[in-house]
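The sequence and structure come first.

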Amino acid sequence: MIQISDTAQSHFRKLIEREATPGLGVRLSAVDAGTPRADARLEFAEPRDLAGDEWVVECEGFTVYVDAASVPWLDDAEIDFVTQGAGSQLTIKAPHIKGKAPAEGASLVERVRWVVEHEVNPQLASHGGRVAVEEVTGEGVVFLRFGGGCHGCGMADVTLKQGIEKTLLTRVPGVTAVRDATDHDTGQAPYMPRDAA
């Protein structure tokens, strides 16, 4: 299930020995699993900190406790401790932590929502913006509502046509067009005011 390299185990042993707390182990959990923000968290865990339903990975000299709810997201994870030049770093690769894209046979709505949440919104977040799927018609027209810094932004039309629509047309077979369902005049904090665009 989870692979922990010898170098990572050695690193953990040194840290645990330094703490000198009886029964101290390492807890591994997934944070925001199944979303674009998903990440893995490692922390020290004393026996009293455990819920009792964790999966246990016995290592030489210590134990890794995997949060029960995180197990499906951390399947096939790899933990390593790598040295590069003068520095070293602990790395965690968890290929399933952000979830899986919907299968080819999934509904058009599911496939559109996946691409919006995992590809479009992370790009818009750099400007404090986001979009939400408002509707997907039977003809494949996607209606989006802009929010955050995109709500009222003078560049929303460009973002829609040259960014979002191109992405959805390319990545989601069945999408025929993308439309804006936002009343941009009500935007409170646009990234770029409409009169400046």
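Which helices each supply at least two residues of the lining of the largest pocket?

## Largest pocket

The model is predicted. In it, helix 3 (108-124) and helix 4 each contribute at least two residues to the lining of the largest pocket. The volume of this pocket is about 280 Å³.

The lining consists of 14 residues, and those nearest the pocket centre are Gln-123, Leu-124, His-127, Thr-159 and Ile-164. Sorted by class, the lining holds seven nonpolar, six polar and one charged residues.

## Leu-160 in helix 4

Helix 4 spans residues 156-171 and includes Leu-160. Leu-160 counts as buried because its relative accessibility is 6%, and the cut-off for buried is under 20%.

Apart from neighbours within four places in sequence, Leu-160 is in contact with Leu-144, Phe-146, Glu-165, Val-178, Arg-179 and Asp-180. Gly-25 lies 135 residues from Leu-160 along the chain, and their C-alpha atoms are separated by 49 Å.

## Strand pairing around strand 6

Strand 6 (residues 78-84) pairs with strand 1 (residues 3-4) in the parallel sense, over two bridges. In this pairing, Ile-79 of strand 6 is opposite Ile-4.

Strand 6 also runs antiparallel to strand 7 (residues 87-93), to which seven bridges join it. Here Asp-80 stands opposite Thr-91 in strand 7. Strand 6 and strand 7 form a hairpin with two residues between the strands, where Gly-85 has a positive phi near 60°.

Conventions: Residues numbered from 1 in each chain as written. Predicted model: local features only at pLDDT ≥ 70, side-chain atom pairs only at ≥ 80, totals over all residues. Heavy atoms only, no water. Helix = DSSP H or I, 4+ residues; strand = E, 2+ residues; numbered from the N terminus. Buried < 20%, exposed > 50% of the residue type's maximum accessible area, 1.4 Å probe, protein only. Contact = heavy atoms within 4.5 Å. 1 Å grid on protein atoms, 1.4 Å probe; cavity = no way out; pocket = protein on both sides within 12 Å on 5 of 7 lines; lining within 4 Å. Points joined across faces, edges and corners; volume = space filled by probe spheres on them. Nonpolar A, V, L, I, M, F, W, Y, C, P; charged D, E, K, R; others polar. Pairing = 2+ DSSP bridges.
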